[in-house]
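Biologist: Please take a close look at one part for me. Start with the contact, then go on to the sheet.

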Amino acid sequence: MRNLIIISFLTFLISCSSEVFDNQEREDERDDIYLSTYKPSSSGDVLVKGGRILTGTGEEFLSADILIKNNVIEEVAELIEPSSNTKIINAEGKWVTPGIIDIHSHMGVYAAPSLRSNSDGNEATSPVTPHVWAEHSVWTQDTQMPLALRGGITTFHVLPGSANLFGGRGVTLKNVWSKTVQGMKFPKAPYTLKMACGENPKRVYGSNQEPSTRMGNVAGYRAAWIKAKEYKDNKNAKRDLKLDTLKGVLDGEILIQNHCYRGEEMAVMIDISKEFDYKITTFHHAIEAYKVADLLAENGICAAMWADWWGFKHEAFDMVWENVAIVDQAKGGSGCAIVHSDSGVGIQRLNQEAAKAMAAGIRAGFEIPRKRAIQWITKNPAKALGIDDRVGTLEKGKMADLVIWDSDPFSVYAKTEIVLIDGLIKYDHSDPDSPKPTDFELGIISPNENRL
Amino acid sequence: MKIVYIFLAVTLTNFLYTESLLFKNASVYTGTSKEIFEDYDIYVVNGKISDISQDIDLSADKIINVEGKIITAGFISPFSHLGLIEINMLAETRDDSSSIYSAGFSISQAFNPSSTLIPYNLNGGLTSAISTPSGSRLFSGLGSAFSLSGDSDSLLLKDLALYASIEAEGESKAANILLMEDTFDLARAFDKDSREIQEYGLPDSVKYSMRDLAAIKRVLNKEIPLVVSINRASDIINMIKFVKSQNIKLVIMGASEGWMVAKQLAESKIPVILEPINNLPTSFDRLGSRLENAALLHKAGVKILISYDEWETHNAYLSRQGAGIAVSYGLPWHEAINALSKNVSDTFNIPNRGSLTIGHEADLIVWDADPLEVTSFAEQIYISGKLMSPNTRSLMLRDRYLKRD
């Protein structure tokens, strides 16, 4: 097995070389297949009436209405008169936020139940696997998805795991039931590339194969980018799936989502991005982002963080509760802070994670109102996924993804009442058949009883 | 004679250095009543609760006006590896498991009161914790209760329960119950004072040490409970039948599908330790996991204890968040607080802690708001009447990097 891994790695290195294989011009990646087939049915006119709204743009309305026309937000204003065929959802006394977006999920690739047969998140056979795509692993009937929907998650980004230096492409999905992954794909969302710093790659490999150290990690990233540059410049090079993805990053079409805990490693990764002239979009699991918050703000890089998870490994030892707030407030409040889950448990209550981070920030002396903290789980992840032109805020022209909460979403007691995706009710707390169970859950408790 | 002198000296010292604290205008949740008593005072003398009532008009060395804030007993983690683990993935920082011993492995001497996890979890609201051994075998060993004061004498109650898992080792759970039965028979037959054992020791064919069998004997004598990790409804039923036949005390850890057999658990008076935050069907043994589990079990009359997540000992204090979630899915608020405190001390017989009761140690917390809220903080934490430091390594890191423009 070990020999096989080494052989495949050598094969990769050979195939990455700049040799010209033939004289024909390379046929580049086609962009007309693997497309999203998601198309919501028409919502008609829907008016969400009288809610306390955190719009995600930084504004708050104590009581206002949201008009949806054919799946899209038409208007947010204090009083909107419905027409005769408008469906009205009463939100008086409730709170309304944009649909919650989790930028770091493994739903579908590390599903529940967690079984050897569906552990599909890490192609841990070589440290450089930019050719694998998370969407080709997704099990659409993962039980975590409806639970996340009940927690207000309307969009989530599925990443490969962090065993490899280059883990493969991530995919952004809408949290809608579908029998195909294409039916969940967020239309025209940019692809992403997962990279990983630190302990994981050097632990997974390293026994008799690079990398075994952090410096080995860095040499591995640079070697791959050198090949990618050559591939980009040489139109005659034979088509290579790995280099297709890396070239996509160099062309600015694929966004880097970089698992990286330590401050010094983030600084090194920024140097590498400058050497090869690409952009890092987000550092994920950035436990030490607070140590380099200014550097991140200066380079326009977001940090995706947990509120308080720590200590499971050495690079997660320097956690502070104020991490999210310090990143948010860097350089006069120009930082880009994101609260992410990386967990089927955390994704169900990303609002509570944001609440903890907000409370810690306030306690440390920052002024962080709810209307700002909500951006950590709405607008900012949308921006870091390149979909902020369509989701993340409640404003005219955006997809009508929104959550109606029974009370203050920054409370442990808050529950979602209604979750709309593209103006359609996907979860309604008063409907016992909602959310729609996955195929796996049908009759799994007893022949007459679905999982809850 | 010597003993008498020491006794006199201690009594005299106590008499001379009486120290008293008076908390004024608190909203007191004692744990012994469902109510929150508004505008109550708590009087603490020499580290123990001396009075809880309205308008206590006594002089005190220190008067603390908490202005209506909530005071509860310090919370007790019912199941974690606090003091035994520093970094999960680094074996060299862990003292929570043994391959030499099984049932007889006592973690009482593995506990490190200087662990960075202790001041951190103390400031999250835990004043004491039951630290448990871990392992992949049928029996992992004996757990003990500790104060989170950071003092060298943190041990509160040694070897208070024996821990086991029938979900261990990839073996059929039925086989693990049979193995448990065989081991119990062996332990019953074993008499460490017998001439054979004294002369020849245990025969080579016995896979357990004398220390292991002695630990099991304490369970068989009903001195301590057996804590078994199980989740599937049918396995819980089998375990209930087994402990009835063995006439021993059982506490169930996990019980993801407990709500399906709530009636049987209530009838058998078996307490359960829940992780309410973990509602995922992570395995086929947990397909019935749901957020209403705590509320449904309580409603059926089962005593519940709330823990966070065994493998997230670093944030053991987030049992508070789990309790809050259980409340939002139907568990009464006062029961959630008890599940974090009184139910733990009652189940494991930890003396003088877990509720605000006259004569108990003054392990108490002044909260800035509802202790189950994710945005709340423990403002002041007292262990035996002593104000604990708010400092943690994490706070020092924050202060090194925090810039307030």
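Biologist: How many residues does the contact take from chain B, and how many from chain A?

Modeller: The contact takes 38 residues from chain A and 32 residues from chain B; two residues are in contact if their C-beta atoms, placed from the backbone, lie within 7 Å. This is a predicted model: local features need pLDDT of at least 70, side-chain atom pairs count only at pLDDT 80 or more, and totals for chains, interfaces and linings use all residues. Residues are numbered from 1 along each chain as its sequence is written, while chains are lettered from A and ligands numbered from 1 in the order in which they are written.

On the side of chain B that touches chain A, α9 (319-328) and α12 (393-401) of chain B each give two or more residues. Helices (H or I, at least four residues) and strands (E, at least two) are DSSP runs, numbered from the N terminus. α9(B) gives the most, with five residues. By class, this side has 16 nonpolar (Ala, Val, Leu, Ile, Met, Phe, Trp, Tyr, Cys, Pro), 12 polar (the others, Gly among them) and four charged residues (Asp, Glu, Lys, Arg).

Now the sheet. In chain A, eight strands form an open, mixed sheet, ordered β6-β7-β8-β9-β10-β11-β12-β13. Two strands pair if DSSP finds at least two bridges between them. β6 (100-105) and β13 (337-339) of chain A are the edge strands, each pairing on one side only. β10 (255-259) and β11 (280-284) of chain A pair in the parallel sense over four bridges. A:Asn258 has A:Phe283 in β11(A) as its bridge partner. Helix α9 (350-363) of chain A packs on the sheet and touches β6 and β13 of chain A. Its direction makes about 135° with that of β13(A); axes are lines fitted to C-alpha atoms, for helices over the stretch in contact, and angles run from 0 to 180 degrees between N-to-C directions.
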